[in-house]
Amino acid sequence: MAMRRVLSLILSVLSTVTLLWTQSGECNNGRRSGDAGDTDLSGFSVPLEHSFEVDDVPRFRLRGALQLKGGKENGVYLSQNQLSEKDRITLKDVAAADGLYRVRVPRVSLQVDRQTERPSEGYLTTFVRACALVESHLSDVITLHTDVSGYIIGISIVTIPGSCRGIEVEDEVDLEVFNTTISVVAPVTAPAPETAPFIERMEQEMEKKGKNPQEQKSFFAKYWYLILGGAVFLMATSSAQAPPGGAQQS
Amino acid sequence: MAWLVVRLAISVSLFYTASAVFEDQVGKFDWRQQFIGKVRFALFDTHSQASKKLLVATDKNVFASLNSRTGDLFWRHVDKTGPEGHIDALLMYGQDAVVVAGNGRLLRSWETTVGGLKWETVLDTGSFQAAALVGVQDFVKYVAVLKKSAISLHDLSSGSQIWVENLPDSDTVQYQTIYSGGNGLVFVFGVVPNSHIVIVEYKIEDGEIMNKKSVEAAWMSSLESSCTVISSGILLCVDQITQSLYTLLLQSAEQTEMRQIHLQTLDLEVASGFQPVLTSTQPNPAQPPLSEFFLQLSPDHHILLQLKDGLIVPLRDFNPSYLAAFATSGERTVAAVMSPKNDTACSINLFSADTGRRHLDTTIIYHMDPNGGKPNRLYVHAFLKKDDSVGYRVMVQTEDLTLTFLQQPGRVVWMREEALADVVTMEMIDLPFTGTQAELEGEFGKKADGLLPMVLKRLSSQFILLQAWLAHLWKLFYDARKPRSSVKNEVNIDTLSRDEFNLQKMMVMVTASGKLFGIDSKSGTILWKQYLENIEPNSVFKLIVQRTTAHFPHPPQCTLLIKNKDTGLGNLYVFNPIFGKKSQISVPALPRPVLQTLLLPVIDQDYAKVLLLIDDQYKVTTFPSTKNILQQLQDTASSIFFYLVDSSQGKLSGFRLRKDLSTELIWEVVIPTEVQKIVAVKGKRANEHVHSQGRVMGDRSVLYKYLNPNLLAVITESTDTHHERSFVGIFLIDGVTGRIVHEAVQRKAKGPVHFVHSENWVVYVYWNSKFRRNEFSVLELFEGAELYNSTVFSSLDRPHPPQVLQQSYIFPAPISTLEATLTEKGITSRHLLVGLPSGNILSLPKMFLDPRRPEVVSEQSREENLIPYAPEMPIRDEWFINYNQTVSRVRGIHTAPSGLESTCLVVAYGLDIYQTRVFPSKQFDVLKDDYDYVLISSVLFGLFFATMISKRLAEVKLLNRAWR
């Protein structure tokens with residue numbers, strides 16, 4: 001966390017922060033930690049399915065239900081079941097065999113009105129190493145990516161920490177409930193060339209320059225010493241060529 | 001003050017980045033070759049005897065003049081690409097060349113000596129059919145252009161339109177050809193397929209229709225390919241089905257039916273399935289054509305016939321013969337015929353057209369390139385010798401687009417490889433070591449066999465090296481005595497060897513016609529060429545370097561994935577890139593279309609990298625597939641991932657290899673095609689090195705780069721093309737896990753998008769449809785101030801998303817292509833090479849494309865050497881790396897590292913090929929060309945001697961003092 005704070009400090013200095021996370025909600029076994037005021041307004045639910053098999057042939061089962069909320073602000077809310085005893089054993093076996101833990105969601109649009117016009121076809125799948133999931137004690141981060149029009153185009157899952165070190169896990173305590181952070185990410189708008197601020201800055205600098213009294217001096221005021229020096233030099237050289245009488249005059 | 005700082009920073013940055021070629025460096029390490037493309041029309045200037053001009057018009061919409069003595073270009077005009085600039089016809093009379101371009105849109109007259117445009121006329125719309133010069137009373141004055149529904153006559157000297165007439169019944173009659181015999185009339189021939197021919201006679205003066213008649217011809221489908229006009233106005237047609245010739249007197253009122261002459265009566269027969277071709281000649285457009293003509297009966301059978309008193313008489317039968325052509329010099333018309341001599345050579349002979357008699361001593365032997373294609377066009381330049389006999393030279397064009405110019409008795413005057421006008425892909429391969437170097441290298445590779453033999457071996461190889469060095473010194477001494485001009489560094493395939501800094505490489509170029517070239521990068525000499533037959537032209541080729549030169553004694557090995565013309569399936573062509581020889585290695589058959597290729601770092605005993613080919617059933621074929629390889633693949637299968645892109649469904653999918661070499665789908669990302677379509681996907685280059693893991697910032701902390709080797713940059717374009725709603729999408733997707741690392745949308749933007757993906761950044765160029773300008777945008781990815789795992793990068797274990805910075809800039813020029821420089825170790829700063837449509841190549845420092853360029857200058861940003869943000873990208877003339885050597889229609893830029901860290905080799909290809917070197921951070925590891933060796937060595941020696949003398953003096957002084 002400290003790292004992130006340092007980073008954000010640096011980035012704010014550099015003034016080009018690209019926010020990746022639009023909105024995220026913490027979910028934990030059905031209990032929602034975010035604001036719970038408008039959950040029931042216009043949501044719909046899609047299944048989140050997972051698969052972990054010792055023979056590595058995907059057989060997807062229901063893991064939980066994703067409650068998606070349309071509209072401008074894409075909210076998401078996940079209620080999921082506990083892992084059964086059998087599942088826990090399977091998961092540990094899969095982890096031991098370095099198998100994959102897969103998840104999938106159907107391809108849907110977050111826009112509720114578009115739901116009806118096109119039925120979902122196919123799924124979006126992704127995976128994480130089962131051992132990483134076990135070793136992270138089922139704490140995973142699931143991100144749903146949408147395109148500009150709100151269709152879900154991809155899902156990603158990572159566990160924190162993400163490594164497999166072969167640590168032994170006490171199944172009863174740690175492999176019961178998922179500790180999931182789920183979020184929906186919409187594409188960020190890439191910046192266009194920033195001409196207006198640049199011109200503004202240029203103008204400000206011009207103004208500053210204009211106000212500076214040193215810059216505003218007239219030609220003679222600025223270079224009087226050069227002109228005087230030049231004149232003296234000219235006079236001196238011309239007088240040197242002049243007859244001796246002239247020299248006495250000066 | 002701040003402004004001063006800004007300016008200072010800019011000037012400092014420019015000081016670092018300014019790089020241009022000095023005048024005396026021109027041509028020292030760069031070269032350009034200009035090409036024209038496949039010749040469609042070629043005309044020799046027969047206006048004067050001494051003329052060397054050869055006018056050509058090509059399928060690349062190029063109109064050029066070649067020097068027929070050397071093959072060099074006198075001048076070249078490159079028109080627009082596509083149908084807009086398509087050259088429909090080329091006619092020549094005297095000093096003028098008349099060109100119809102753009103499907104009959106423009107009529108142009110060129111002055112042929114310097115290539116200046118004399119006049120240009122915009123013609124009425126309508127698809128072009130034919131054009132002909134029209135003469136009156138032995139003088140060619142007009143040019144007639146036939147369109148689908150109109151005919152127009154133009155003055156040859158000014159281009160002004162004399163008259164234009166609509167053709168009668170043009171909705172039913174297909175007007176196709178035009179003829180004028182100098183008698184004040186223009187004939188237009190039209191056909192109603194399988195019904196009748198329509199002949200319309202126009203008066204030249206005012207375009208009045210003098211006569212119009214239709215003649216029954218139920219057998220005819222097209223005029224163009226089967227009819228010609230011979231003698232004084234006789235239309236001659238040939239038909240394959242009825243096996244007959246048909247003649248029709250154009251100006252007789254009574255003949256209403258074509259006269260049929262069975263080929264059988266002449267003892268001739270057209271080969272089945274072959275469309276016979278008639279070739280006649282009209283030496284002077286103001287006079288009727290000759291009564292002799294060629295009839296081609298099969299691909300290798302021509303016959304010279306003559307029409308005499310209404311009878312067709314065979315003059316000479318050429319069987320076998322590949323090509324035949326007429327040529328005229330002065331009053332004499334000759335025919336040149338190419339016939340096979342043996343398997344590797346053809347002989348070309350000259351025959352007088354009116355008798356069919358062979359001219360003595362006129363044989364030209366044309367040796368066919370065993371690695372080339374068959375000849376398919378013959379252009380003849382005939383001239384009168386001093387003794388009034390006819391001499392000739394020929395230009396032969398082959399299937400593989402080689403132009404060969406020959407003169408008697410078979411000397412090749414010049415050769416042009418026009419296939420190089422369309423390079424599809426290329427690679428640069430290190431040259432092998434010389435024999436002695438290889439000897440030394442080989443010593444280390446072999447297994448030890450005792451101490452004494454090793455010592456002896458070492459001594460012997462040292463001796464060989466000494467010998468080679470002495471020989472080299474002797475050669476230097478010997479060459480120094482010769483005048484400089486005669487010392488020519490002939491590049492020869494046998495003497496090829498790597499130079500000190502590995503600056504000279506072999507450029508392996510794959511062209512659209514299916515011809516491969518090996519070109520020496522230093523001189524541009526073609527060292528080998530290989531024409532691959534049975535290749536679908538303009539299909540996608542994939543060139544893969546499986547083994548580099550580094551594994552002596554194993555030869556380097558390249559593999560080209562090609563598409564067969566007949567089966568449409570993939571095929572592997574394995575060859576040695578240095579010598580161009582096809583390798584004897586057996587290649588796996590590919591029974592299904594290949595979707596993806598993957599070069600793995602897994603190597604077999606022969607040090608060849610393994611190539612995985614994934615077909616449309618997601619089955620994997622390995623090449624080579626030895627037991628060792630399969631074993632290695634099984635062991636590492638779980639860490640081999642690949643991705644497939646299906647842009648028609650917007651689907652990106654990832655697969656993992658299983659132990660039994662089958663595959664399993666592990667991730668899927670689907671971008672709905674209703675909104676946007678995937679236009680390009682690019683990973684990073686495999687041979688790219690990144691030297692520094694992070695960037696040191698103003699406060700001495702480090703910002704670590706997100707260096708994911710598996711990252712894919714996916715560019716999409718919106719299907720909505722309205723300028724307010726169109727957008728370009730940028731997705732950065734991890735190729736292993738399918739995780740979308742970053743997703744951005746550039747609003748109000750349109751393609752074509754060019755982009756470069758390298759290190760931790762993506763640079764892309766798009767068209768801003770709102771402001772109507774080109775814009776650059778740069779994305780950089782950073783891990784942050786701490787690395788998650790500094791030892792190794794794994795896509796499976798990087799939970800934190802990277803920080804993405806982005807900035808955009810205005811680029812004040814359109815762009816053709818984009819590439820980044822590449823150096824050996826990645827220490828040198830990067831430049832972007834931007835190919836502009838003007839033909840220039842701009843070397844743009846990456847420094848200017850840095851999303852951390854600050855809006856407001858601060859102490860820290862100055863410390864970091866960041867240039868303050870300016871929305872417009874500068875273009876400086878000294879950044880053009882190819883000064884005035886512009887590359888027409890640049891389509892691609894290839895960069896390759898050299899042995900010197902400072903130097904990157906660059907090849908830009910399009911219609912032309914340009915090779916040069918760039919030094920993005922200047923030549924920091926090389927002494928300058930004008931380094932003063934004399935001064936430094938004289939100072940050294942001077943000091944040395946001064947020390948010696950002073951030492952001696954000091955000794956003497958000491959001695960003297962001791963005596964005292």
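Buried area is the accessible area, taken with a 1.4 Å probe, that two parts lose on being put together, summed over both. The legends below describe close-up views of a predicted model.

**View 1. The interface between chain A and chain B.** In this predicted model, chain A and chain B bury about 5000 Å² between them, and 59% of that area is on carbon and sulfur atoms. Phe127(A), Ile153(A) and Pro193(A) supply 12% of the area that chain A buries against chain B, which is more than any other three residues supply. The contact draws on 58 residues from chain A and 62 residues from chain B. Two salt bridges are found across the interface of chain A and chain B. In a salt bridge with an N to O distance of 3.7 Å, the side chain of Arg201(A) meets that of Glu855(B).

**View 2. A nonpolar patch on the surface of chain A.** The patch is formed by Phe219(A), Phe220(A), Tyr223(A), Trp224(A), Tyr225(A), Leu226(A), Ile227(A), Leu228(A) and Val232(A), which together have about 1000 Å² of accessible area. Phe220(A) belongs to helix α8 of chain A, which covers residues 219-241. Because its relative accessible area is 59% and the cut-off for exposed is over 50%, Phe220(A) counts as exposed.

**View 3. Strands β57 and β58 of chain B.** From strand β57 (residues 817-820), Thr817(B) and Glu819(B) point one way while Leu818(B) and Ala820(B) point the other way, and all of them are buried. Strand β57(B) pairs in the antiparallel sense with strand β58 (residues 831-835) of chain B, over four bridges. Within β58(B), Leu832(B) is the bridge partner of Ala820(B).

**View 4. Two cis peptide bonds in loops of chain B.** Asn319(B) and Pro320(B) are joined by a cis peptide bond with omega of about 0°, and Pro320(B) sits in the loop between β25 (311-318) and β26 (323-329). The peptide bond from Phe623(B) to Pro624(B) is also cis, with omega near -5°, and Pro624(B) is placed in the loop between β43 (620-623) and α4 (627-636).

**View 5. Residues of chain B with positive phi.** Most residues other than glycine have a negative phi. Leu401(B), in the loop between β31 (390-398) and β32 (402-407) of chain B, has a positive phi near 60°, and at 14% relative accessibility Leu401(B) counts as buried. Arg889(B), in the loop between α5 (859-863) and β60 (892-897) of chain B, has a positive phi near 45°, and at 21% relative accessibility Arg889(B) counts as partly exposed.

Conventions. Residues numbered from 1 in each chain as written. Chains lettered and ligands numbered in written order. Predicted model: local features only at pLDDT ≥ 70, side-chain atom pairs only at ≥ 80, totals over all residues. Heavy atoms only, no water. Patch = residues over 30% accessible without salt bridge, like charges linked within 9 Å, V, L, I, M, F, W, Y side chains within 5 Å. Areas by Shrake-Rupley, 256 points an atom, 1.4 Å probe, with all protein chains shown as cover. Salt bridge = Lys/Arg side-chain N within 4 Å of Asp/Glu carboxyl O. Buried < 20%, exposed > 50% of the residue type's maximum accessible area, 1.4 Å probe, protein only. Pairing = 2+ DSSP bridges. Contact = heavy atoms within 4.5 Å.
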